[in-house]
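The following briefing is meant to be read alongside the coordinates.

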Amino acid sequence: MAAATTKLARALQQRRTFVNARVKWVSDHYLDEAVQREKNLKQVISLKDRIVSSPSKSLPLSSLSLLKPLVNLHITAAAFFQKYPSVFTTFQPSPSHPLHVRLTPQALTLHKEEETIHLSPPQRNVTVQRLTKFLMLTGAGSLPLYVLDRFRFDLGLPRDYITSLIGDYPEYFEVTEIKDRLTGEKTLALTISSRRNNLPVSEMERREATIDGSRVKKGLRIRYSMNFPKGYELHKRVKNWVEQWQNLPYISPYENAFHLGSYSDQAEKWAVAVLHELLFLLVSKKTETDNVICLGEYLGFGMRFKKALVHHPGIFYMSHKIRTQTVVLREAYHKVFLLEKHPLMGIRHQYIYLMSKSGRGKKRDYVHGVERSNRKKRVIKACEDGEIYAHNSSL
């Protein structure tokens with residue numbers, strides 16, 4: 001009898017019942033806005049970090065121009081700095097020096113507040129715990145730095161996290177050399193120093209335990225919260241499938257469930273568990289879809305992550321704003337607002353406000369200073385090309 005039960009359980013684990021019906025994508029105005037308002041934020045903070053890392057807190061425009069492909073600028077560095085005069089200002093240290101870029105006083109104040117958060121002992125401990133769980137999602141407790149760096153901004157890690165954070169927690173992390181699963185070549189990776197005997201509790205498990213007051217148990221039928229934009233309706237056959245899928249046992253994202261049939265319903269519920277936990281660990285509860293696919297490829301999920309995102313629009317939303325595709329954890333937002341705001345997100349919203357002030361001031365600057373603006377553009381173009389433009393008046 002026991003053998004028959006085990007055989008039936010294994011058969012169910014390999015079963016695929018997803019219907020051959022198209023799951024339509026419908027835009028969500030609120031979540032699109034949540035993504036859209038962060039347009040160029042990552043680029044602004046990336047350039048800001050490079051500028052303040054210099055001893056003089058400024059850098060030549062010509063050297064910053066070389067960073068255009070590295071920080072994913074869609075326009076020249078000179079044009080980008082001109083776009084945000086409330087954040088960046090250009091100046092010439094002396095007539096014999098090339099044009100430099102530094103932060104405005106308001107932006108420098110924000111940077112110091114951001115730095116205070118990164119250096120706060122309670123926040124550092126929370127960041128270490130979040131990073132540990134992120135690495136444990138990989139199963140091996142290790143991830144190449146080139147993959148991890150894709151999530152650095154979304155995880156809320158400082159730019160120099162290897163030296164400013166990792167080095168202070170040798171009992172948690174170490175940088176090792178591993179064999180890349182995809183290329184077979186040696187690469188540097190961040191690895192958990194010592195194996196944890198107990199698996200972390202996922203956010204879904206924590207909520208379930210909080211609701212019924214019991215300890216976390218395996219095999220619980222945990223259901224996901226599903227939210228759809230107004231007027232969205234699932235195809236009836238898809239709706240019936242989702243209802244059955246919701247009742248499948250929940251497998252922790254920290255468990256290894258690769259023994260399940262790759263395309264079974266149970267395997268998809270596990271893939272969704274991994275994606276849900278991944279997004280929940282991020283401070284903004286969203287990231288570029290390419291980051292998710294890259295991680296999935298490295299971990300061996302292949303295209304299963306992408307299929308899970310498409311099949312479950314009530315859990316995940318894919319926005320096509322800001323020249324990329326972003327996957328958002330729906331339950332983490334109420335309209336355009338994050339329900340659980342990390343201190344870093346508060347600072348980032350202040351950066352967004354400062355960037356928006358730049359836009360409001362453009363028209364006035366143009367009307368009252370056309371000649372001065374044109375002259376400044378000629379100077380910037382020359383300095384971006386590495387030339388020294390000598391003059392006595394201020395820019």
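In this predicted model, helix α14, which spans residues 289–299, is mostly covered, with nine of its 11 residues buried. The buried residues of α14 are T289, N291, V292, I293, C294, L295, G296, Y298 and L299. Just after the end of α14 comes G300, whose phi is positive at about 100°.

**Confidence of the model**

- The average pLDDT over the chain is 87, and 84% of the residues reach a score of at least 70.
- Residues 1–9 have a pLDDT below 50, and this stretch makes zero contacts in the model beyond its near neighbours in sequence.
- Residues 386–395 likewise have a pLDDT below 50, but for this stretch the model shows 26 contacts beyond near neighbours in sequence.

**The sheet of β7, β8 and β9**

- An open sheet is built from three strands in the order β7-β9-β8, and their pairing is antiparallel.
- The edges of this sheet are taken by β7 (286–288) and β8 (316–319), and because each has a single partner strand, one side of each is left without a neighbour in the sheet.
- From one strand of this sheet to the next, the twist averages 20°.
- Strand β8 is joined by four bridges to strand β9 (residues 326–329), and the two run antiparallel; within this pairing, F316 stands opposite L329 of β9.

**The sheet of β1, β2 and β3**

- Another open sheet has three strands in the order β1-β3-β2, again with antiparallel pairing.
- Here β1 (58–60) and β2 (88–91) stand at the edges, and since each has a single partner strand, one side of each lacks a neighbour in the sheet.
- Neighbouring strands of this sheet are turned against each other by 30° on average, when direction is ignored.
- Helix α3 (residues 41–52) lies across β1, β2 and β3, and its direction makes an angle of about 105° with β3.

**Packing of α13 against α15**

- Helix α13 (residues 265–281) and helix α15 (residues 304–311) have axes that come within 9 Å and cross at roughly 90°, and the two helices are therefore roughly perpendicular to each other.
- The contact is made by A267, E268, A271, V272, V274 and L275 on the α13 side, which meet R304, F305, A308, L309 and H311 on the α15 side.
- Sorted by type, the residues of this contact comprise eight nonpolar, one polar and two charged.

**A buried arginine**

- R124 is located in helix α7, which covers residues 121–136.
- The relative accessibility of R124 is 13%, which falls under the 20% cut-off, and R124 therefore counts as buried.
- Leaving aside residues up to four places away in sequence, R124 touches H118, L119, S164, L165, D168 and Y169.

**Positive phi in two lysines**

- K57 has a phi near 60°, which is a positive value in a residue other than glycine, and this residue lies in the loop between α3 and β1.
- With a relative accessibility of 41%, K57 counts as partly exposed.
- K335 also has a positive phi, of about 60°, although it is not a glycine, and K335 is found in the loop that runs between β10 (333–334) and β11 (337–338).
- With a relative accessibility of 42%, K335 counts as partly exposed.

How values were computed
Residues are numbered from 1 along each chain as its sequence is written. This is a predicted model: local features need pLDDT of at least 70, side-chain atom pairs count only at pLDDT 80 or more; totals for chains, interfaces and linings use all residues. Side-chain values use heavy atoms; hydrogens and water are left out. Axes are lines fitted to C-alpha atoms, for helices over the stretch in contact, and angles run from 0 to 180 degrees between N-to-C directions. Angles under 35 degrees count as roughly parallel, over 145 as roughly antiparallel, 65 to 115 as roughly perpendicular and the rest as oblique. Contact means heavy atoms within 4.5 Å. Ala, Val, Leu, Ile, Met, Phe, Trp, Tyr, Cys and Pro count as nonpolar, Asp, Glu, Lys and Arg as charged, and the others, Gly among them, as polar. pLDDT is the predictor's confidence in each residue, from 0 to 100. Two strands pair if DSSP finds at least two bridges between them. Buried means under 20% relative accessible area, exposed over 50%, partly exposed in between (1.4 Å probe, protein chains only).
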